[in-house]
Amino acid sequence: MNTLIVYKSYHRMNTEKVAKAMAEAMNAQLTKVEDARPEALAEYDLIGFGSGIYGLKHHKALIDLIEAMPAMDKNVFVFSTCGNLREVNHKLIKEKLTERGCHIVGEFAGALRLNRDWKGALAFIGGKNKGHPDEKDLENARAFAKGLLGTSSTTSSL
Ligand SMILES: Cc1cc2nc3c(=O)[nH]c(=O)nc-3n(C[C@H](O)[C@H](O)[C@H](O)COP(=O)(O)O)c2cc1C
């Protein structure tokens, strides 16, 4: 199976670690969203889209890519890392993918580390996920990815 994982990660590179673990587990090609060409996505059998959660949703660059890609009958999965698992919201990205004709076959969300110096409105969750993603988190990501190769639908969280 020809699989691609597109991701955006910039804050603590948490999502990049998870994306790399998934890509290794499923022998997928990995690309940063900045390097992805919307028209090239049609070449893959399965595509994963992931980023940190910023202001309750996926990164805008990922949403922009999905809006720019041609409509395609494609299996896709979404994943994210976040500071507070209760704030994970995959609704927008799933809506955009569905609008393009894609089928969501899996979701993966992880409650990962915030900057311990975090200030402001999210300070209450600062430090809670210190040390993550750890090896167990990455193992969960690998297991999720491998599961996608064998089943039609998978949902998982750390
Ligand atoms: C600008 C900004 C906004 C964020 N907003 C949220 C949020 O709404 N909910 C949440 O749970 N985490 C939030 N976080 C924490 C990130 O989702 C978390 O640190 C994530 O793992 C970052 O991924 P990255 O290191 O791959 O960029 C925010 C972080 C930043 C920098």
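**Close-up 1. Strands S3 and S4 run parallel and are joined by seven bridges.** Two strands are taken to pair if DSSP finds at least two bridges between them, and helices (H or I, at least four residues) and strands (E, at least two) are DSSP runs numbered from the N terminus. The structure is a predicted model, in which local features need pLDDT of at least 70 and side-chain atom pairs count only at pLDDT 80 or more, while totals for chains, interfaces and linings use all residues. Residues are numbered from 1 along each chain as its sequence is written. Leucine 46 has asparagine 75 as its bridge partner in S4. From S3 the chain crosses through helix H2 (residues 60–68) to S4 in a right-handed β-α-β crossover, right-handed meaning that, with the strands pointing away from the viewer, the path from the first strand over the helix to the second runs clockwise.

**Close-up 2. Strand S1 (residues 3–8) runs parallel to S3, with six bridges joining them.** The bridge partner of valine 6 in S3 is phenylalanine 49. Strand S3 (residues 46–52) is mostly covered, six of its seven residues being buried; a residue counts as buried if 20 or more other C-beta atoms, placed from the backbone, lie within 10 Å of its own, as exposed if 12 or fewer do, and as partly exposed in between.

**Close-up 3. The ligand is surrounded by 20 residues.** A residue belongs to this shell if its C-beta atom, placed from the backbone, lies within 6 Å of the molecule, and the closest are Ser9, His11, Thr15, Gly52 and Gly83. Helix H1 (14–26) and strand S4 (75–82) each supply at least two residues of the shell, with the largest share, three residues, coming from H1.

Close-up 4. Asparagine 27, which follows H1, has a positive phi, near 55°.

**Close-up 5. In helix H3 (residues 91–99), Ile93, Lys96 and Leu97 are the buried residues.** They cover an arc of only 100° around the axis, the arc being that of the directions from the helix axis to the C-beta atoms, which puts them on the same side of H3. On the other side of H3, Lys91, Glu95, Thr98 and Glu99 are exposed.
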